[in-house]
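This briefing is meant for a reader who is meeting the structure for the first time. Please keep the sequence and the 3D view at hand while reading.

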Amino acid sequence: MERNRDGTSDMGGSYAQASGPGFVEGPLRYLVQRPPLTLPPSATVREALAGMNQMQADTLVVVDEGENLPLGIVTLNDLVYAITLDGGGLDEPVAGMMTAAPLSLPADAPAHRATVLMAKRGVRHIVLLETDGRLYNVISRADLFGLRGGGADLLAESVTAAMDVESMSRAAAAIRQRGAELFNGGMSAEAICHWMSALNDLVVMRIIELVENEFDLPAVPWCWMVMGSEGRLEQTFSTDQDNGLVFQADDAVSAARLRDAFLPFARAVNKGLDACGFTLCRGGIMAGNPAWCLSLDEWKGHFSEWLRTPDPTALLNSTIFFDFRPLYGRYELVDALRTWLLPQPPQHPRFLRALAEEALTCAPPLGWTGGFVYDGGIEHPHSIDLKRFGARPFVDAARIWSLMYGIWATSTGDRLRAVAEPLKLSPEQVAGEVESFYLIQRFRFRQQLLAEDPDDVNRVDPDTLNELHRLMLKEAFKQAKKIQLRLKLQHSL
């Protein structure tokens, strides 16, 4: 299997085959369908317009001729405005009309990151870069799913306009309410996940911005990370916080000093998020906990220790921390952590085997005769925990395979698509697994909207479902069984 220069696997075909029409996620490099239009700084506006017309493009990138480094971006609207309203001439250099230092992302970054940044910055294009800074391509809003439709634009505007936690709380409640309406209106579970995750990201980013203004933070690079279901873009209507903070430090002494400086800020953000409906993590996995407010080297040390010593604590942590992604601040810190981590797990087969053993402890709730197996006991009779015994088999297996094959993606759907090639799965097999996972998620969402008791938000009594839905749920559990069987055979368990 070939790898890209940053260590990620080259699996564009898996995404292209399995994503399907109307919904495309995965790495950004596989979402653009044609090469970018590029011109040197000396090119004229006339040449730019001719090139756009020939390629039917609405944007071009001004690049350094020798190194192919992006210097700026020009849209068709920019040129029309410059000529018709500013009196610009056709023979003027196009560089004079470009937006210099355009917003950029690594070409292998997840699509979700581009969606959120576009909404946050109010732009329609992002330049994609190779790891050495050279231009790869340009991605536009039209290439992404993320926040399309459903009143997302107005909701995003209300988030970015909020000036205090109280108004943010109202905006977050409006997002959940609109999400429920879209869900009840038939939007797919995967689309709902990405739609809500994108808007929830904007909420978290805005809370951080508001809180950041109240603190004199150290002048070092830092980034807010999200993990767990938020890291996987699988937040539902009932969710808590799983986050951490990474910063740059020269040594252990400076790391301790910087941690003390960041902690009051991080705790204030955690408190603000709690006020907006993202409840505090019962396990304390939050940036306001000194254990998870760490320098880049300290984070690397934790991951190294978990990989070397797969004890129960390490296995528990892996179900949360290995799903991390950056949200606010210097993304390159988290990208550096991810790039460093990607080649590590295959060097620790004992860790991967222990993960697989742990994953197999949550068997899908189907008995030998094909009937449902209930786990609620006396407190929750005749019910199934869809989070633990329904969704988790897919989530755990996808995580293990992403670690085995160096996959950057964090969402379960994207991970399952990305590992299709190394696992030699057909598009039909992958589609069945992804659809089954999101079908279970859909039943979870439905229950979360109906449940009055917080302990019941992930539990379903099959007798409350109609015959067709019971059959669909059983088929989804059968897919989970097949996934676990594959995992068992792969690790000789």
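The model is a predicted one, and its largest pocket has a volume of about 1,500 Å³. A search of the whole structure finds 26 salt bridges, a few of which are described here.

**The largest pocket**

- Of the 46 residues lining the largest pocket, which has a volume of about 1,500 Å³, those closest to its centre are D240, D242, K387, R444 and N458.
- Several helices each supply at least two residues of this lining, among them helix 7 (189–212), helix 8 (228–231), helix 11 (312–321) and helix 16 (427–450).
- Helix 14, which spans residues 386–404, gives the most to the lining of the largest pocket, with seven residues.

**Salt bridges**

- The side chains of R46 and D91 meet in a salt bridge, with a distance of 3.3 Å from N to O; because R46 lies in helix 2 (residues 45–55) and D91 in the loop between helix 3 and strand 4, the pair ties together parts that are 45 residues apart in sequence.
- Within that pair, R46 is partly exposed, with a relative accessible area of 44%, whereas D91 is exposed, with a relative accessible area of 57%.
- E190 and R417 form another salt bridge through their side chains, at 2.9 Å from N to O; since E190 lies in helix 7 and R417 in helix 15 (residues 412–418), this pair ties together parts that are 227 residues apart in sequence.
- Here E190 is buried, with a relative accessible area of 9%, and R417 is buried as well, with a relative accessible area of 4%.
- A salt bridge also links the side chains of R232 and E234, at 2.8 Å from N to O, and both R232 and E234 are buried.
- Salt bridges that share partners join R232 and E234 with D323, E358, R392, D396, R399 and R415 into one network.

**Two methionines**

- M98 lies in the loop between helix 3 (76–84) and strand 4 (99–100), and it counts as partly exposed because its relative accessibility is 23%.
- Leaving aside residues up to four places away in sequence, M98 touches V62, L71, G72, I73 and V74.
- The C-alpha atoms of M98 and L352 are separated by 49 Å, and the two residues are 254 residues apart along the chain.
- M472 lies in helix 17 (residues 467–490) and, at 32% relative accessibility, counts as partly exposed.
- Together with L468 and L471, M472 makes a nonpolar surface patch of about 280 Å².

Note on methods
Residues are numbered from 1 along each chain as its sequence is written. This is a predicted model: local features need pLDDT of at least 70, side-chain atom pairs count only at pLDDT 80 or more; totals for chains, interfaces and linings use all residues. Side-chain values use heavy atoms; hydrogens and water are left out. Patches are made of residues with over 30% relative accessible area and no salt bridge: like charges are joined within 9 Å, nonpolar side chains (Val, Leu, Ile, Met, Phe, Trp, Tyr) within 5 Å. Accessible areas come from the Shrake-Rupley method with a 1.4 Å probe; for residues, only the protein chains shown count as cover. A salt bridge is a side-chain nitrogen of Lys or Arg within 4 Å of a carboxyl oxygen of Asp or Glu. Helices (H or I, at least four residues) and strands (E, at least two) are DSSP runs, numbered from the N terminus. Buried means under 20% relative accessible area, exposed over 50%, partly exposed in between (1.4 Å probe, protein chains only). Contact means heavy atoms within 4.5 Å. On a 1 Å grid over the protein atoms alone, a cavity is a set of points where a 1.4 Å probe fits but cannot get out, and a pocket is an open set with protein on both sides within 12 Å along at least five of seven lines; lining residues have an atom within 4 Å of a point. Grid points are joined across faces, edges and corners, and a volume is the space filled by probe spheres set on the points.
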